Amino acid sequence: VPDGVYANEIFEFIQNEMQMRFENNVVLVYGGSVNKQNAQNIFNWKYSGVLIGGASLVINDLAQILELS
């Protein structure tokens, strides 16, 4: 999982490139290793949302992530 500064820089780069090419708002989601330990930190980034992978297989972990969102 990248640190927040790097993640936000990447987000801004992608957003700017997409807006120049397609001239509309871009919705970006973070699809890295989101889990109950790092979800709160990731929710502070500029991304519009997250893709929850393996953590969604454990209902209590998923519930904790959803409570943080």
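**Close-up views of aromatic pairs and salt bridges**

**View 1. Aromatic pairs in the predicted model.** Across the whole structure, a search finds 4 aromatic pairs (rings of Phe, Tyr and Trp, the last by its six-membered ring, with centres within 6.5 Å; planes under 30 degrees apart are stacked, over 60 edge-to-face and the rest tilted). The ring centres of Tyr30 and Trp45 are 5.1 Å apart and their planes stand at 85°, so this pair is edge-to-face. Tyr30 belongs to strand S1 (residues 29-30), while Trp45 lies in the loop between helix H2 (39-43) and strand S2 (49-50), 15 residues apart. Helices (H or I, at least four residues) and strands (E, at least two) are DSSP runs, numbered from the N terminus. Both Tyr30 and Trp45 are buried (under 20% relative accessible area; exposed is over 50% and partly exposed in between, with a 1.4 Å probe and protein chains only). One aromatic cluster is formed by Phe11, Tyr30, Trp45 and Tyr47.

**View 2. The salt bridge of Lys46 and Glu12.** In this bridge (a side-chain nitrogen of Lys or Arg within 4 Å of a carboxyl oxygen of Asp or Glu), the closest N and O atoms are 2.0 Å apart. Lys46 is in the loop between H2 and S2 and Glu12 in helix H1 (residues 4-22), so the pair ties together parts 34 residues apart in sequence.

**View 3. The salt bridge of Asp61 and Lys36.** The N to O distance is 3.2 Å. Asp61, in helix H3 (residues 59-68), and Lys36, in the loop between S1 and H2, are 25 residues apart.

**Notes.** Residues are numbered from 1 along each chain as its sequence is written. In this predicted model, local features need pLDDT of at least 70 and side-chain atom pairs count only at pLDDT 80 or more, whereas totals for chains, interfaces and linings use all residues; side-chain values use heavy atoms, leaving out hydrogens and water.
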